[in-house]
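Here is a short briefing for a reader new to this structure. Look at the sequence and the model first, then read on.

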Amino acid sequence: MRLEELLDEVEPLSHGQRCRHLAARARELSTRPSVTGAQEVSGRPEVSGAQDVSGRSELAGLLESLAEGGQYERSLAIRLAAAAKDLTYVTHAMTDPDPDISRYAIAQAVALGAPAAPIVEIARTAPAEHRMTAYRAIRRHHRTDLAELLIDEVHERWGDREAASLLPACGPEAVAARLADLAHAVPGWATPARRHPLLVLDHAERVLAGLPGHLRDAWWPAFAPGVEVAARYATERVIALLERHWTPRPWRCAGLLLDADPDRTLAIYLVPGRQHQLAELLGRRSVRRRLPGLTDERLGELGRAVRDSDDADALINLLRAVPPSRRDAVFTAAMRGVDLSQRVLSDELLDVLPLRRRVAEARRMLGLRVVAELPLRTLETTAFLPYDEAEPVLREATRRSDATDRANGYINLIACAGRDRDPETLTRLAKALERLRNEQDPVRHAAITALTGIPGALFQAAHVPLLDRLAEDALAARDCSYQTRYSLSRLAVLLFGQGARRDEPALLECALRIFERLTGDVGTLPLGQFGFGQLSHWLRRGQEAVLVRRLAPFLEAEAAHDRHELAFLLASALGRRGWELPELRQALERALTAVRDSDAVRAIECWLEPPRTKGERVAGLLELDPSTVALRKVFDVLAWQRTDLLQAALGRRDPVGRFAKSGTRQVRYAPRAAVRRWTARQRTAYLRLLERVARNGRLPMHERAYAVRMAGEVPAVEAEWLRPFLEDGADAVLRRAALTALPWTARPQDALAGLLAHAGGNDAHVAVYGAVRAARFVRPAELGAALEPVLAGGKVTARKEAVRLLARHRVPGAMGRLRELWSAAGQHKDVRVAIVSAALELLSEPAAWDVLREAVTVAGDLAAPVLGTRPPAVPERWRAAYGELIVAATRAADQVTRMLAVDALTPGWLTRRGLGNGWPRSSATSGRPASGGRPPAGWWRGRAPGPGWRSCGGRCGRSPPRRTSRMPGPAATARPRSGSARSYGPCACCTVRTRSR
């Protein structure tokens, strides 16, 4: 097959069709003998174990032709080779200069079982982005052989972080041998826990056993996700771990722990001081589902633990978790030891109690003075009595002269009727609500809102006249407010849901009439915000079809008047359950030609929801009206799926239709992942549109700049496309947008030099951060030379970032170069601070320790990166030596540094039971014997003052620091006698404490 034939075949296809066609062609050509005989594949390395290409010379010849083309042709070639499992070509493509192709080739090579040699070569010399791609593929495809082969070499050459990224792909023995040394660099513990849950728990137990209590809470947040994942495989061990080393946090695995051992799990939460965590636990539905399996006494114990917590809902959630028949016993057990005779229970708590206990508690509370003295509280408590008993008092409140009192009366009267759980009671309530016709709007609003709070199952067909009259009176009132209309909408939602769930036509029609009155009164309402999303959860399977068929006449009647709110409401409420319903599909199809643009746009969005048919539907929309391509929903379908129809959006001629604006070409932007699916011609047309926007001086500058920026998202775009916007005469906004896009072009490794050329000008803050991405595509062996001009004379911002890049990419000789920069005369302080931070990533280099020691000696800002590092962030093998640095900082000349050093020592470094060996081992530098044990008494003598020491108040005029510490101050040459008075006289440095008798 010739190259031109293949390109002509795939050009009119969509992305999915193109991929399937290429796979079929690859299988066909791989078995078709060559017409011209065997052809040699030149320039490619031989790969052991790869399939022989000489016997499939027709495919090999096609791959050769594609490899000589542009980025699009080479991307087709790698897809063909991957489909044919041609490892020879795939491994050759791993060195392609375009990162999109080379990264795809690396991932495919690992997936196809490529031998170790090319992958090892990538791990040794490739840019950081290619190495990360290889690591991800190794983890994804479980290439344990590659992971165990690479991890030690990666650890030695590239450091702890990259080696830790290979841990999840290694075998159990390899992980067990290396986990302790790499634990500080693990980016996320959830992934290792899925592969090796027992080893992760072993590590947690080992670390926590030697970790002081004040460091445990700081250690848990990073490690807890791994423990939560490990709970799926070793629940008992997780329970034991939390029993010994609890930390306050919302454990997502609590449900699994309850299933395995509810008694031990609850015992963890019942420890005094953990009421807040227990209350949060009871707030989860997954936990409440498991509580009915516990005894009433055990539940009562939980209730006693949370009844006085700050979370008032904790006890309520506990009672809601059990059936009403058990709530009385659980409540009694929970309130054991509490004198209920004078206790006032909240309305929410009374609501969840069973009827008899609720009435008894309400009668008791009505006899309390604290309730009787408050009329509103008396009214609210009366509402918990049986309706027959409470109705006279509550109806009397609805007749008071004050509108607020009447509103409270209606609220409590309706709530009392709802608590009776009897539809007949609601029928009797209708007479009391007749007075609402002549009430003020605040009173009507309160009554309607109260109706939305009663159980929906109480509404029957007999109540429809009352509800219709209530809605009609409220909307006809002169003072009808937005709040009242909103409450009516919520009531209609409640009625609609109940009518659909129980197949009650009267309630359905009542709800629709209320919606019709609302929309006719105030225009289209956002009905989707009123809870219709729950409709798909209310309906049993198959009920949605019955519901839509029943509402079909209403849908047709609305469409006859060019109104489609009900169709949109049903489409959003039913979701995927409504995609295949013919009546709803027809209603949405009629809405596509609505007069109002807003209705047409919403109809198109609903029409394109079904993922299986959206490709066909979008083709019909474009045939009906080509200008719909201007809508985001339509363009997204074209960009991701129907790429064969992109000509409608990318053509030279503007689309014509209702959504096309006269004289304006609207350009939609696509992300890079979508543009990768396009053909070369489509990318060229897209770039032409972007250039048209970028060069249009009549457009706002931010739109032009965004078009320049999005040009970098087009695969295979060359840096030359951005060159006009990088010239000195270009606008600053456009120039900076071009600098931002430059590292995203086809060869970001070649763009590094251009970005660094701008590092000395006013665009340094943009160019330097663009260089950070470009550096990820440059081989570390070449990166040092590229950064040298910036290190020698760039702006401070550029030099700082160049220092970080040297350390982050571990450029050969990086620490030696950083040492030279550190020692350079007149070096800027900010650059030296960056060097100290970079040295923390190169602790295996002896020169790094020299820089760190000098930094803590010079003190000031230079010591801040050292003193701000906590023990868990330092490799275990370096913690003892690092502790000596902290101790050395206590002797610095700068007072602030000494204070920070003592603060740093106190939490972690000065504890033998810390992470590894936190104590410095050298007695000469640490002031303590090298043997084990606690530090000797008075070890702090001669050290720097801590944050609790007072200044002398001498001639320097410094005020004493506000912080205090329990750490003692330095002793004088002789201790004062007990009871002798001390004073702080003047001194030269404000830190030496003097004594007078």
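Helices α13 (residues 197–209) and α14 (residues 213–230) pack at an angle of about 160° in this predicted model. An angle over 145° counts as roughly antiparallel, and α13 and α14 are therefore roughly antiparallel to each other.

**The α13–α14 pair**
- The axes of α13 and α14 lie 9 Å apart.
- The crossing of α13 past α14 is left-handed.
- On the α13 side, the contacts include Pro 197, Val 200, His 203 and Val 207.
- They meet residues of α14, among them Arg 216, Trp 219, Trp 220 and Phe 223.

- Helix α29 spans residues 423–432.
- Thr 425, Leu 426, Leu 429, Ala 430 and Ala 432 are buried there.
- These residues lie on the same side of α29, because they cover an arc of only 165° around the axis.
- Glu 424 and Lys 431 are exposed, on the face turned away from the buried side.
- The cover over the buried residues of α29 includes α27 (387–397), α28 (403–419) and α31 (464–476).
- Asp 422 caps the N-terminal end of α29. One of its side-chain oxygens lies 3.1 Å from the backbone nitrogen of Glu 424.

**Leu 302 and its contacts**
- Leu 302 sits in helix α20 (residues 296–306).
- Leu 302 counts as buried because its relative accessibility is 0%.
- Leaving aside residues up to four places away in sequence, Leu 302 touches Leu 266, Leu 270, Leu 278, Leu 291, Leu 294 and Leu 318.
- Leu 266 is 36 residues from Leu 302 along the chain, yet their C-alpha atoms are separated by 8.1 Å.

Conventions. Residues are numbered from 1 along each chain as its sequence is written. This is a predicted model: local features need pLDDT of at least 70, side-chain atom pairs count only at pLDDT 80 or more; totals for chains, interfaces and linings use all residues. Side-chain values use heavy atoms; hydrogens and water are left out. Buried means under 20% relative accessible area, exposed over 50%, partly exposed in between (1.4 Å probe, protein chains only). Helices (H or I, at least four residues) and strands (E, at least two) are DSSP runs, numbered from the N terminus. The arc is that of the directions from the helix axis to the C-beta atoms. Contact means heavy atoms within 4.5 Å. A polar contact is a pair of N or O atoms within 3.5 Å; within protein, one must be able to donate a hydrogen and the other to accept it, and residues adjacent in sequence count only if both atoms are side-chain atoms. Axes are lines fitted to C-alpha atoms, for helices over the stretch in contact, and angles run from 0 to 180 degrees between N-to-C directions. Angles under 35 degrees count as roughly parallel, over 145 as roughly antiparallel, 65 to 115 as roughly perpendicular and the rest as oblique. A crossing is left-handed if the near helix is turned anticlockwise from the far one by less than a right angle, and right-handed if clockwise.
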